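Here's a quick tour for anyone new to this one. Take a look at the structure, then read on for a few of its helices.

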Amino acid sequence: MRKAAEVVKEISAALREVDEQLRRHPYPEALERGEVPVAALRAFPGTQYHVATSDLRSMAMMVQRFGHTPAGGFLNGLLQGEFAALEGLRVLAGKLGMTREDLERYEVTPEGFAYATNMAWMAANVSVAEFAVGILVNFPAWGLTCGRMSRALRARYGFTEQETAFLDGFANLPPLEDAILPIIQEGLDQGVEPRLLHRAARFFQAYEKMFWDAMMAAALSPNG
């Protein structure tokens with residue numbers, strides 16, 4: 001039987017190129033130089049509001065499907081984190097003059113919303129091991145860019161720590177391996193194929209990059 005740590009190591013090696021693309025993405029680099037127009041910054045909370053509200057429902061579905069299993073505590077923790085993230089996101093949006101109605105009415109691009117679509121499909125269709133490996137691979141990459149964005153917003157755009165709390169919550173997540181590797185191992189022991197774990201992680205990272213590409217497109221748009 002394959003070991004979870006071994007499979008995760010293989011996945012990390014296979015995704016090295018896209019991980020590097022995320023680490024060197026032009027959007028946080030543009031933020032760090034103060035080159036993103038203030039109007040274009042609204043694309044982030046506007047898009048993330050719809051992503052986060054969709055992800056909240058996806059997490060709730062995962063709790064419904066697997067809350068009775070050993071993974072239940074971990075999944076419920078993710079769900080509670082989504083509630084907290086939404087509150088922080090509203091504060092960040094408020095700094096940019098966006099009301100709750102503005103967030104509700106924000107027109108999301110397909111590229112910006114693709115991550116949430118993938119999350120919802122996985123919540124409805126895949127094993128908890130596939131879902132968990134996606135989180136294990138994706139959250140550190142997301143947190144790294146959130147941390148860069150938070151620091152850039154404070155240094156270049158006058159945000160306070162309270163106003164970047166949404167970003168800092170993801171940037172300061174504790175390591176996830178101890179919670180997730182047993183979930184992956186149980187899946188492998190029950191017959192989940194490693195190729196499905198590879199695919200889940202690959203999808204998470206691909207849609208993550210698509211989200212930041214959408215933010216960069218908004219920064220370059222003449223309409224902001």
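## Where two helices meet

In this predicted model, helix H8 touches helix H12 through Glu111, Gly112, Ala114, Tyr115, Asn118, Met119 and Met122. On the H12 side, the partners are Ala200, Phe203, Phe204, Tyr207, Glu208, Met210, Phe211 and Ala214. Sort that contact by class and you get 11 nonpolar, two polar and two charged residues.

How do the axes of H8 and H12 cross? They come within 6 Å, at an angle of roughly 155°. That angle makes H8 roughly antiparallel to H12. As for handedness, the crossing of H8 and H12 is left-handed.

Now for another helix, H2, which covers residues 16–23. Its buried residues are Val18, Asp19 and Leu22. They span an arc of only 105° around the axis, so they sit on the same side of H2. Turn to the face pointing away from that buried side, and you'll find the exposed residues Arg16 and Glu17.

What do the buried residues of H2 pack against? Here are the helices in question:

| Helix packed against by the buried residues of H2 | Residues |
|---|---|
| H1 | 4–14 |
| H9 | 128–156 |
| H12 | 194–220 |

Let's zoom in on Val18, which belongs to H2. Its relative accessible area is 16%, so Val18 counts as buried. Leaving out residues up to four places away in sequence, Val18 touches Gln205 and Lys209. Gln190 is another story: Val18 and Gln190 lie 172 residues apart in sequence and 30 Å apart in space, C-alpha to C-alpha.

Terms used:
Residues are numbered from 1 along each chain as its sequence is written. This is a predicted model: local features need pLDDT of at least 70, side-chain atom pairs count only at pLDDT 80 or more; totals for chains, interfaces and linings use all residues. Side-chain values use heavy atoms; hydrogens and water are left out. Buried means under 20% relative accessible area, exposed over 50%, partly exposed in between (1.4 Å probe, protein chains only). Helices (H or I, at least four residues) and strands (E, at least two) are DSSP runs, numbered from the N terminus. The arc is that of the directions from the helix axis to the C-beta atoms. Contact means heavy atoms within 4.5 Å. Axes are lines fitted to C-alpha atoms, for helices over the stretch in contact, and angles run from 0 to 180 degrees between N-to-C directions. Angles under 35 degrees count as roughly parallel, over 145 as roughly antiparallel, 65 to 115 as roughly perpendicular and the rest as oblique. A crossing is left-handed if the near helix is turned anticlockwise from the far one by less than a right angle, and right-handed if clockwise. Ala, Val, Leu, Ile, Met, Phe, Trp, Tyr, Cys and Pro count as nonpolar, Asp, Glu, Lys and Arg as charged, and the others, Gly among them, as polar.
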